[in-house]
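Please look over the sequence and the 3D structure shown here. The briefing after them is grouped by topic.

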Amino acid sequence: MNNNISALEPKSLWKNFVALNAVPRPSKKEERVIAFAKKFGEDLGLKTIVDHIGNVIIKKPASPGMEDRKMIVMQSHLDMVHQKNSDTVFDFNSEGIKMYIDGDWVKADGTTLGADNGIGVATIMAVLESKTIAHPAIEALFTIDEETGMTGALELKGGLLEGEIMLNLDTEDDRELTIGCAGGVDITATGKLPLEPYDKSNYKGIKLKVSGLTGGHSGMDIHLGRGNANKIINRVLYDLLNECDIKIESIDGGGLRNAIPRESAALIGLAKSDYEEAKDIIGELHNVLIDEYRITDPNLTISLDDSTLEGQCISQDFAVQIVSAIYACPNGIYRMSPDIKDLVQTSNNLARVLVNKGNYEILCLTRSSVDSEKMDLTNAISSAFQLMGADIATGGSYPGWTPKLGSDIVSLMSDLYRKKYKEEPHVNACHAGLECGILGTNYPEMEMISFGPNIRGAHSPDEKVQISSVQKYWDYLLDTLKVIPKKGN
């Protein structure tokens, strides 16, 4: 279905993107893509290293005449977020991404595209295999597991890299030069469900479903105020618990921590005598929510379908507790930065709610560019779930990346952008988690900057990358490689 994507310009980049996207590469299951990257480097006759955790480093000498320039690190991550529409039949563990061209955009058929960060990986591959591009000595760093724990960056040892400048190719707007990012921490609340039998003959089995939400990247898109399916379905359940006789058997919503949840479903037993009242309550709330989310989530839908009850439900007292705790859990923007205009400083994504078969699991990803505030919000979220007796685990904590506005690479690339495009670049920090802050802990003297083409809808099946923007970004990168400073400057 690729509509000859390999023929797009620049051909070398798109050819490698197609080859990469034929390789299944879910986070934490990167064995095949690690082997793919290793073979790529070795087939080029370049020094190729796979470190103890699975990061791949490929070293290429400077092109003729560029030997006196500072060595650079070009860095992207190999893994991708796996999300699909509920009606899409696709196996991420065995199938390559099905892509197609739609006007000026490349999209995927009902799944995430993997442009985050596959375009960056393909860019580096194109530079490594080129015999005509002018460039200084390069260390290509392909990290693993960026999307679900930053494991590759966290495990990269000091002393492996010699480069003085890092070009991270993981930004999603071609006018942005990113010089800082948020840190993050995973929060997991788990526990046992007190179950009780009930007389199914008095209840109607209903599958309550929230769908059609826009979703997106829980860092880059959190400021857009998009609906969270876990919060919305919980709002419906809260009203039903207060107004009707219902029994909750299960809740299943969201997925990955770094994706804003688009869908959630709950299996409930609804007292037959309350059925019409419940429909009215849901209908009224549906209208309220459609109005609230008419801009951000115009396709929001709440549906009720007949379903088969399993015979046990969550005890009524605990149902009230868990719905109340989820209601209390902060979601979205917690605080804007007082220092950097329009930058989200701290946020939380209520990413996953699974209540089923005697157990519950609730996953959050909390982000902040201020570590103390990140931990303060972590404590607030943990407290909400501890009140119902949940066990709380935190992990995957990684630091933010502190901006250095005056660094040489920032000045150089800003000047180049102005000359090429006759406008100011957006030099900023972002609320997403980039690996630069982590990598900088072992390489504190390395200058770092992040940039990339226009990618929209990352971490959702709406993900797409703009063809004309990739051409602009490629051209900008090639000119940047030509003006990397000389050693000692």
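Asp 174 is buried, with a relative accessible area of 14%; buried means under 20% relative accessible area, exposed means over 50%, and partly exposed lies in between (1.4 Å probe, protein chains only). The side chain of Asp 174 meets that of Lys 472 in a salt bridge (3.4 Å, N to O); a salt bridge is a side-chain nitrogen of Lys or Arg within 4 Å of a carboxyl oxygen of Asp or Glu. The model is predicted: local features need pLDDT of at least 70, side-chain atom pairs count only at pLDDT 80 or more, and totals for chains, interfaces and linings use all residues. Residues are numbered from 1 along each chain as its sequence is written, and side-chain values use heavy atoms, with hydrogens and water left out.

- Asp 174 sits in the loop between β7 (165-168) and β8 (176-181), while Lys 472 is in helix α11 (residues 467-482), 298 residues apart, and the pair links distant parts of the chain. Helices (H or I, at least four residues) and strands (E, at least two) are DSSP runs, numbered from the N terminus.
- A search of the whole structure finds 28 salt bridges.
- One of them joins the side chains of Lys 15 and Glu 129, at 2.8 Å from N to O. Lys 15 belongs to helix α1 (residues 11-21) and Glu 129 to helix α3 (residues 115-129), so this pair ties together parts that are 114 residues apart in sequence.
- Lys 15 is partly exposed, at 40% relative accessible area, and Glu 129 is also partly exposed, at 22%.
- Asp 291 forms a salt bridge with Arg 294, and their closest N and O atoms are 3.7 Å apart. Asp 291 is partly exposed, with a relative accessible area of 47%.
- A network of salt bridges links Lys 420, Asp 475, Asp 479 and Lys 482.

**A negative surface patch**

- Which residues form the negative surface patch? They are Glu 243, Glu 277, Asp 280 and Glu 284.
- Patches are made of residues with over 30% relative accessible area and no salt bridge; like charges are joined within 9 Å, and nonpolar side chains (Val, Leu, Ile, Met, Phe, Trp, Tyr) within 5 Å. Asp and Glu count as negative and Lys and Arg as positive, while His and the chain ends are not counted.
- Helix α6 (residues 275-292) supplies the largest share of the negative patch, 3 residues.
- Glu 277 lies in helix α6 and is partly exposed, with a relative accessible area of 35%.

**Strand β20 and its partners**

- Is strand β20 (residues 359-368) largely enclosed or open? Of its 10 residues, 8 are buried, so β20 is largely enclosed by the rest of the structure.
- Strand β9 (residues 183-192) is joined to β20 by 10 bridges, and the two run antiparallel. Two strands pair if DSSP finds at least two bridges between them.
- Lys 192 stands opposite Asn 359 in β20.
- Strand β19 (residues 344-356) is also joined to β20 by 10 bridges and runs antiparallel to it. Asn 348 has Thr 366 in β20 as its bridge partner.
- The hairpin of β19 and β20 has 2 residues between the strands, and Lys 357 takes a positive phi near 55° there.

**A four-stranded sheet**

- An open sheet is formed by 4 strands in the order β4-β5-β25-β24, with antiparallel pairing. Its edge strands, β4 (99-102) and β24 (455-456), each pair on one side only.
- β24 pairs with strand β25 (residues 464-466) over 2 bridges in the antiparallel sense. Ile 455 has Val 465 in β25 as its bridge partner.

**Backbone details**

- Most residues other than glycine have a negative phi, and most peptide bonds are trans.
- Lys 357 is in the loop between β19 and β20, and this residue is exposed, with a relative accessible area of 71%.
- His 459 has a positive phi of about 70° although it is not a glycine. His 459 lies in the loop between β24 and β25 and is buried, with a relative accessible area of 2%.
- Glu 9 and Pro 10 are joined by a cis peptide bond, with omega about 0°. Pro 10 is placed in the segment before α1.
- Another cis peptide bond joins Asp 116 and Asn 117, with omega about 5°. Asn 117 lies in helix α3.

How values were computed. Accessible areas come from the Shrake-Rupley method with a 1.4 Å probe; for residues, only the protein chains shown count as cover. The place of a charge is taken as NZ of Lys, CZ of Arg, CG of Asp or CD of Glu.
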